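Q: I am new to this structure. Can you show me how to read it, one feature at a time?

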Amino acid sequence: MWWLLIPAAVLIGKKIYDALDEGVVNSEAAPQPRSPHVTLIQNILRLKILLSASNGKKVAILGQPGAGKSTLIHNLTQGKSYPKPNIGVQTDATDWSEWPYCDIMMRYENYDFVDVPGYDTLNHPASVFIDFFPFSEFDVIFLVISGKIRGSDENIAKCLQKSGAHFFIIRNFSESLGNDEIKLITKDISERLLPQLSQTPSPMLLQNRIQKMLHQRENKHRIIFLSNRTREGLEKVWGTINLRTINA
Ligand SMILES: Nc1nc2c(ncn2[C@@H]2O[C@H](COP(=O)(O)OP(=O)(O)O)[C@@H](O)[C@H]2O)c(=O)[nH]1
Ligand SMILES: [Mg+2]
């Protein structure tokens, strides 16, 4: 059924053409240094190919630079993935914008982890991930946040919802949070990153309230409080991965 891929390939081709046409690369003044966005898009497209060729259970970790994505993969795999994640001290150490053949998937047992470079930077704008990242091709995606939720987090979460991907929110750096903070953060994440997609308008107030309650209950299972320092929450992340990949 390879022909089903043709419309997707045409769409991707058009998006690249539009991106180049918008001045990401200035073709008139060649030779020009390669735009980091072109390399990033190429690497994302390469990821798509690698994913379709792999029989592993596919897990993507997304988030801002410094949210703790690479440390999470290191902890989940006990440092035994191949290749190993790059843990940054100040800036995001994972870069897909420089080398067209950089490492983009990490194998651990029969899992393929993708340590996605932190979005919302000059070389890794959130818009490129929104346009090109193959969200729906993963068994499970974790969106890691470490503090204040930003507009780009909301945009990525919207995209995840629309793509139909199975995604969960990890609130990392949770080691020092008290119960009241956890409640407030849960509400904030629910409202901003996990809003109800389509609210069926109903004349019955009670029905709307029940729908809202069910949604809030469901959201609680989709938010994981984690600390990479104390490792609290790590088992819940593994539990979520295994639940999602049990038949994959
Ligand atoms: N205190 C604390 N530090 C963390 C936690 N997770 C990651 N870090 C530190 O945050 C820094 C950035 O982590 P990294 O995994 O490289 O973030 P990434 O850019 O999202 O991949 C590193 O110095 C980690 O040791 C956490 O849960 N608590
Ligand atoms: Mg990293």
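The dialogue below goes from the whole chain to the sheet, the helices and the ligand.

Q: Before we start, what kind of model is this?
A: This is a predicted model.

Q: How many helices and strands does the chain have?
A: The chain has eight helices and six strands. Read from the N terminus, the order is α-α-β-α-β-β-α-β-α-β-α-α-β-α.

Q: What share of the chain is buried?
A: Of the 248 residues in the chain, 28% are buried. Sequence distance is another thing to look at. Take the contacts with a separation of 6 or more: 75% of them join residues 24 or more positions apart.

Q: How do I read a sheet, and in what order do the strands lie here?
A: Start with the general idea. Strands of a sheet pair through backbone hydrogen bonds, and the pairing is either parallel or antiparallel. In this structure, six strands make an open sheet in the order β2-β3-β1-β4-β5-β6, with mixed pairing. β2 and β6 (223-225) are at the edges with a single partner strand each, so one side of each has no neighbour in the sheet. On average, neighbouring strands are turned by 25° against each other, direction ignored.

Q: Which strands pair in the antiparallel sense over three bridges?
A: β2 and β3 do. In this pair, M106 stands opposite F113 of β3. The two strands form a hairpin with two residues between them, where E109 has a positive phi near 50°.

Q: Which strands pair in the parallel sense over five bridges?
A: β1 and β3 are one such pair. Here K57 stands opposite Y111 of β3, and K58 has D112 as its bridge partner. β1 and β4 are another, again parallel and again with five bridges.

Q: How many bridges join β5 to β6?
A: Three bridges join β5 (residues 167-171) to β6, and the two run parallel. R171 stands opposite F225 of β6. Helix α5 (residues 151-163) packs on the sheet and touches β1, β4 and β5. The direction of α5 makes about 165° with that of β4.

Q: How do I read the two faces of a strand?
A: In a regular strand the side chains alternate between the two faces of the sheet. Now try β1. K57, V59, I61 and G63 are on one side, K58, A60 and L62 on the other, and all are buried. Seven of the seven residues of β1 are buried, so β1 is largely enclosed by the rest of the structure.

Q: Are the faces of β3 covered or open?
A: Both faces of β3 are covered. One side has Y111, F113 and D115, the other D112 and V114. Five of the five residues of β3 are buried.

Q: Next, the helices. Why is α3 largely enclosed?
A: Count its buried residues. Six of the eight residues of α3 are buried, so the rest of the structure largely encloses this helix. They are K69, S70, L72, I73, H74 and L76. These residues pack against β1 (57-63), β2 (106-108), β3 (111-115), β4 (140-145) and α8 (234-245). Just after α3, Q78 has a positive phi of about 50°.

Q: Which strands does α8 lie across?
A: α8 lies across β1, β4, β5 and β6. It runs at about 155° to β4.

Q: How many residues of α7 are buried?
A: The number is zero out of 17, so α7 lies largely in the open. Helix α7 (residues 205-221) reaches 25 Å from its first C-alpha to its last. That is close to the 24 Å expected at 1.5 Å a residue.

Q: Where is G147?
A: G147 is in the loop between β4 and α5. It has 12 C-beta neighbours inside 10 Å, so it counts as exposed. G147 and I185 are 38 residues apart in sequence, with 9.2 Å between their C-alpha atoms.

Q: Last, which residues come nearest to ligand 1?
A: Of the 20 residues around ligand 1, G68, K69, S70, T71 and N228 come nearest. Helix α3 (residues 69-76) gives the largest share of the shell, three residues. By class, the shell has six nonpolar, 10 polar and four charged residues.

Technical notes. Residues numbered from 1 in each chain as written. Chains lettered and ligands numbered in written order. Predicted model: local features only at pLDDT ≥ 70, side-chain atom pairs only at ≥ 80, totals over all residues. Near = placed C-beta within 6 Å. Helix = DSSP H or I, 4+ residues; strand = E, 2+ residues; numbered from the N terminus. Nonpolar A, V, L, I, M, F, W, Y, C, P; charged D, E, K, R; others polar. Buried ≥ 20, exposed ≤ 12 C-beta atoms within 10 Å, placed from the backbone. Contact = placed C-beta atoms within 7 Å. Pairing = 2+ DSSP bridges. Axes fitted to C-alpha atoms, helices over the stretch in contact; angles between N-to-C directions. Expected span 1.5 Å × (residues − 1).
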